[in-house]
Every structure is written in structure tokens, then in C-alpha cells.
Amino acid sequence: MTKYTVHFPLETDGTNVFRATESLNGTVLFNIKNALLACPGERPMEPTFGFCLKKFLFENPTQSMFEEMHSGIIQSLKTWLPYLSVSNVNISYDENSPHLLSIIINYHIPNQLPSSQITFTLNTTLQEVSTSF
């Protein structure tokens, strides 16, 4: 089986070798999470890498914030994951749960992966960002 990259969190596979991600989809999900959760300046050799979704944790949801997030997510993925084709980015929140913000990204890799989706949930109460796919 093809091994694409090391799997995080780092673990050995019992032979003193780090466990690897063995699917293209798993690698793409990992790359998307890294590109959107990392903040510029966190990677010394790539000082502009990342979008920093975490910076929106304490913002009040406004139309201008959603527009900034939408354009930033698209631009970050185009810059750092040019092999990825993003078909839709949907950012929403429920007025009954204003501490939760949902970001759904639909994407595919032309001629490689069928359409897939990843969801980021920003929770201001817990001060965390979670993902599901």
C-alpha cells in the first residue's frame, strides 16, 4: 500500500517507524486542516503559511467576517493546495447557538478523488476548533 505522509499525532507502528497515512483522502484532509488552522508566522521556513481560523474564535458573527473568512479560505487553499479544486465553502451559524460557527468545504482533486467534504466547527465557549469529514 502507498504511504503518503506520517500520521499525526506521531506514533510508531511497532517497528520504530512512524505510522503513515495510507490514503490520498486522509492526506488531503490533513493538508486542509493544516492550511486553515495554522497561523502565518508559525512555520519558520514558510512564514506566510496558513489562514488562522482560530483568530475568528472571539469575533461576533457579521456579514463582513463571513466574507473575510470565505475569501481567505479560498485564497489559502488555492495558494497552499493548488492541486485541490474547491467547489463550495459554506459558513453559517445558528442564532440559537451563537457560540458555534460551522464551515463546510466541498472539494475534489481532478482525475484523482471524487467530491468530498470537511466541516470545521468553531466553538467560542470551549475556545476550540474541531473538524469532521
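This is a predicted model: local features need pLDDT of at least 70, side-chain atom pairs count only at pLDDT 80 or more; totals for chains, interfaces and linings use all residues.
**Stop one: helix α1.** Select residues 24-37 and you have α1, a helix of 14 residues. From the first C-alpha to the last, α1 reaches 20 Å, close to the 20 Å expected at 1.5 Å a residue. Now show the side chains of Thr27, Val28, Leu29, Ile32, Ala35 and Leu36: these residues of α1 are buried.

**Stop two: the aromatic rings.** A pair of aromatic rings is described by the distance of the centres and the angle of the planes. The count here comes to two aromatic pairs. Begin with Phe49 and Trp80, an edge-to-face pair with 5.0 Å centre to centre and 70° between the planes. Phe49 sits in the loop between α1 and α2 (63-80), while Trp80 belongs to helix α2, so this pair ties together parts that are 31 residues apart in sequence. Are the two partners buried or exposed? Phe49 counts as buried, at 9% relative accessibility, and Trp80 is partly exposed, with a relative accessible area of 24%.

Next, select Phe51 and Phe56. Their ring centres are 5.8 Å apart and their planes lie at 25°, so this pair is stacked. Both Phe51 and Phe56 are buried.

Methods:
Residues are numbered from 1 along each chain as its sequence is written. Side-chain values use heavy atoms; hydrogens and water are left out. Helices (H or I, at least four residues) and strands (E, at least two) are DSSP runs, numbered from the N terminus. The expected span of a helix is 1.5 Å times one less than its number of residues. Buried means under 20% relative accessible area, exposed over 50%, partly exposed in between (1.4 Å probe, protein chains only). Rings of Phe, Tyr and Trp (its six-membered ring) pair if their centres lie within 6.5 Å; planes under 30 degrees apart count as stacked, over 60 as edge-to-face and the rest as tilted.
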